[in-house]
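Please open the model in a viewer and follow the selections below in order. Each stop names what to select and then describes what is found there.

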Amino acid sequence: MSRREMRRVDAIRRQSSEIQNHVIDHYVAGKMSRREFLRKGSIVGLSLPFMGIIAAACGDSGTTTTVPGTTGTGAVTTVAGTAVATTSAGPVTVRVGMNNPAGVLDPVLINDLGRIQIFSQTAEYLTFSADDGLRPALAESWEPNADGTVWTFTLREGLVYHDGTPVTAEDVVATMDGIAGGNASSAFDGVWTPGNARAVDNRTVEFTLDAPIGSFPFIVSSDNYNAGILPKSFWDAYAEGSYEQNAVGTGPWITESFENGVSAVLRKNEDYWGDNSAQPDRLEVTFFADEPAMITAFQEGRIDVLPSFSVANGGALLDNPEVSVQTQPTAEHRQIHMRTDREPFTDARVRQAVALSMNRAAIIEGLWEGFADLGNDAPIAPVHVAYDPSVAQREEDLQQANELIDAAGARDADITLNVLEFEEVPLLAQLVQAAAAQIGITVNIQVDDAGTYYSNFWLDSTFGITNYGHRGVPNVYLSAALKSDGPWNAAAYNDPDYDALVNTFLAEFDLDRQKELGGQITQKLLEDSPMGIPYFKSNLAAVRAGTEGLETTGMGHILLQDLQLG
Amino acid sequence: MLRFTLRRIGLALISLWLLTILVFIGTQLLPGDVGRRILGPFATEEAVAELNARLGTDRGLVVQYADYFTDLLQGDMGTSVAFARPVRDMVWNALKNSAKLAAVAFVLVVPLSVFGGIVAGLKRGTYVDRTITITGLSMTVIPEFVSGIVLILIFAVNLNWLPGGAAAPEGASFLTQLRHLILPALPLVLVLFGYIARITRSSVIEALDADYTRTAFLKGLPRRTVIRKHVLRNALLPTIAVVATQVGYLIGGLVVVEVLFTYQGIGRLIFVAAQQADFPLLAGGVLVVGVAFQVASLLADVLYGLLNPRVRLADAR
């Protein structure tokens with residue numbers, strides 16, 4: 001590093017907080033890769049330009065990183081293949097299929113893929129959670145206080161809504177208060193209480209948390225899909241469903257027409273804050289209530305973008321040379337809970353044996369044709385920052401499993417496995433049944449529709465399988481589903497050491513420490529085995545070969561502003 | 001005839017009223033409460049309780065039903081809890097779409113199957129008869145979701161002759177709309193062809209064997225005249241009644257077809273409403289289907305009466 005470069009890095013360091021400097025130190029000392037630095041730095045609020053300067057100073061020119069949709073303000077990262085020719089004649093229209101909204105398009109009530117997909121075209125979040133970490137969106141920077149109980153977000157300059165009114169910090173406060181009573185209540189539970197956000201000035205918002213939370217920027221990111229920032233005037237006049245007539249966000253697309261369950265037409269937002277010079281002019285959305293219908297519409301050419309499909313229904317697309325399939329790893333998983341307070345699972349050895357009886361690689365191949373990540377019986381996925389790859393992966397080991405079963409005297413146990421009718425879950429139940437048979441345990445499967453399962457069996461069954469959707473950070477999985485006082489603790493897992501470990505993890509914002517604690521939590525859960533987690537599924541999306549620039553997230557957002565039809 | 005019609009209308013109204021009660025009880029049996037359904041399994045208890053209170057779904061069942069029924073009598077079908085829109089508007093739009101699809105299917109299937117049935121009946125026992133009967137029967141047992149997917153794969157995906165989505169773009173011409181509706185109508189044609197053709201065939205055979213036909217032949221009328229004046233006239237009566245009752249199915253029973261072909265008809269509306277435990281919407285949809293069935297069967301009865309001199313005259317006496 002030359003003296004001049006050192007001075008530049010020092011200048012950045014002086015502007016940065018203690019936590020941010022910690023990340024910089026680690027990178028400068030060579031303890032993390034460039035990619036990891038960009039990912040971790042973004043979480044603690046280091047801006048991409050700054051990180052680019054530091055990376056360059058460290059002689060780490062790296063490959064050019066494509067960061068679609070992020071700030072254009074002097075970013076050091078160059079967008080690969082820039083200056084996309086916009087010479088093509090006539091307006092460009094992209095036709096995209098989306099899932100049928102499960103109800104009225106209302107920011108408070110969104111809890112399904114279809115509404116996430118359409119809502120995020122018009123509304124945007126403070127931060128955006130993507131594979132490469134947390135990106136600035138409406139907030140250009142954010143910073144915690146020393147103990148992580150107060151987080152301050154600074155909005156970009158010059159942001160305007162679709163109707164031209166400026167975005168203010170008051171709007172952010174009104175939005176967070178507005179959504180807190182609805183579906184977002186579970187994301188905010190124990191983290192932040194409505195009323196505890198304050199507009200410091202026009203561009204600065206301060207959140208005072210209920211407890212120190214190291215990953216708070218994720219909780220107001222796109223992962224909390226309800227939290228699209230809308231004007232205070234919208235919230236003052238809020239009525240259920242008013243967004244359908246008044247979709248006034250800041251997003252790259254402006255609604256021209258919207259008919260719930262049928263179709264929508266959107267046009268390019270010419271005043272978008274990001275560089276969207278290559279954005280198509282029009283977006284035509286068709287809503288599908290049924291996956292095969294959406295897949296055939298794509299095959300037929302009625303839609304250009306198939307944002308999500310399953311291997312079970314769309315297997316033919318995988319081998320089609322005219323189709324380009326994108327995979328998106330997620331943290332979505334199934335928890336196979338074993339009630340630690342009911343026979344035969346009161347003995348940890350029985351639970352371990354059941355977990356050891358599963359051949360995960362074969363399960364992934366059979367159910368997902370390989371499109372999933374291996375699970376290690378802890379709800380921390382490879383997509384999470386806290387994932388520690390050094391923890392040994394649990395493999396099928398029938399000999400050990402049989403020994404454990406005999407030692408526990410549980411051979412010939414007969415258990416009912418309660419599962420819900422959802423995607424592949426009933427099939428997974430059959431694989432669990434077959435695996436358990438190898439260690440002398442008889443499993444009887446009872447399948448119920450989701451409503452019955454959640455009302456009657458989820459929290460009251462000896463053995464069950466529950467689906468958990470994607471989250472950018474594992475906080476909710478670790479606390480609500482596993483802590484002794486967790487509201488979704490289906491395994492009735494009760495271990496003070498685990499509770500203390502998770503509490504330390506939640507408050508920690510040092511990312512290396514988070515990973516270390518993540519590893520310890522995984523290790524602890526492997527020993528106690530309150531649940532089996534065989535895989536984290538990947539999402540699949542398809543476009544026609546030659547089409548580029550589609551980005552999706554683990555949560556199911558679709559970014560279409562950089563899409564170039566082939 | 002008038003008394004008969006009035007009595008039929010009275011009975012229809014009673015069955016519709018019973019239907020509202022059945023639908024109401026049915027939706028109460030759905031697991032999970034309404035607020036929980038809307039907010040999802042992971043929302044907090046407080047949020048769910050608050051929503052239930054706002055929707056009024058935490059009140060007694062009888063109170064909820066009485067409220068619903070009173071509003072209904074005033075033409076107010078309530079507001080969809082999932083979509084926050086008046087049920088009447090949603091159901092009305094869906095009904096219009098369903099009627100279009102039903103009309104296309106009807107126009108295709110009725111002449112085809114009646115003609116097939118007549119031919120089979122007249123050529124009873126021959127190769128032609130067996131071909132029509134067996135083909136019709138085989139097609140009837142193919143579920144719509146199978147024939148629908150096969151048709152989409154052949155005609156929309158591979159050959160690209162017809163669109164596989166039933167919904168035409170907004171403001172599309174009549175012909176474009178028709179083009180979009182042909183493929184979705186075909187599975188219905190397949191299902192109904194065998195049924196209607198079989199009824200027609202057996203009526204034709206019955207009429208051929210009847211005494212009046214033998215008399216007509218014996219008094220020396222040409223075969224063509226006998227068939228036209230005696231056989232068909234009598235044979236088509238039951239066919240008309242059967243066809244009319246199918247109108248109810250064509251309007252309200254197309255859940256699978258409408259979902260598969262992405263068509264916002266009454267069937268798909270009911271499907272979505274049931275998924276969301278959206279009682280007002282579900283009840284509104286089912287009620288409209290009930291009305292469609294009732295009207296269709298009323299129409300069938302009245303038509304039958306008007307065409308059949310025995311019924312007509314018996315009433316006049």
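Select chain B and trace its elements from the N terminus: in this predicted model, they run α-α-α-α-α-α-α-α-α-α-α-α-α-α. The count for chain B is 14 helices and zero strands. With the C-alpha trace of chain B displayed, the span along the principal axes is about 85 × 60 × 35 Å. Chain B comprises 317 residues, of which 38% count as buried. Among the contacts in chain B with a separation of 6 or more, 70% join residues 24 or more positions apart.

Next, select residues 266-275 of chain B, which form helix 12. Which residues of helix 12 of chain B are buried? They are Ile266(B), Gly267(B), Arg268(B), Leu269(B), Ile270(B), Phe271(B), Val272(B) and Ala273(B). Because eight of its ten residues are buried, helix 12 of chain B is largely enclosed by the rest of the structure.

Then move on to Ala277(B), which follows helix 12 of chain B and has a positive phi, near 50°.

Now display both chains and turn to the contact between them. Chain A supplies 33 residues to this contact, and chain B supplies 35 residues. On the side of chain A that touches chain B, select helix 7 (185-188), strand 10 (282-288), helix 11 (291-300) and helix 17 (450-457), the elements that each give two or more residues. Which element of chain A gives the most to this side? Helix 11 of chain A does, with six residues. Coloring the side of chain A that touches chain B by residue class shows ten nonpolar, 17 polar and six charged residues.

Is Gly315(A) buried or exposed? Gly315(A) is exposed, because 12 other C-beta atoms lie within 10 Å, and a residue counts as exposed at 12 or fewer. Finally, select Thr466(A) together with Gly315(A): the two are 151 residues apart in sequence, and their C-alpha atoms are 25 Å apart in space.

Definitions and conventions
Residues are numbered from 1 along each chain as its sequence is written. Chains are lettered from A and ligands numbered from 1 in the order in which they are written. This is a predicted model: local features need pLDDT of at least 70, side-chain atom pairs count only at pLDDT 80 or more; totals for chains, interfaces and linings use all residues. A residue is buried if 20 or more other C-beta atoms lie within 10 Å of its own, exposed if 12 or fewer, and partly exposed in between; C-beta atoms are placed from the backbone. Helices (H or I, at least four residues) and strands (E, at least two) are DSSP runs, numbered from the N terminus. Two residues are in contact if their C-beta atoms, placed from the backbone, lie within 7 Å. Ala, Val, Leu, Ile, Met, Phe, Trp, Tyr, Cys and Pro count as nonpolar, Asp, Glu, Lys and Arg as charged, and the others, Gly among them, as polar.
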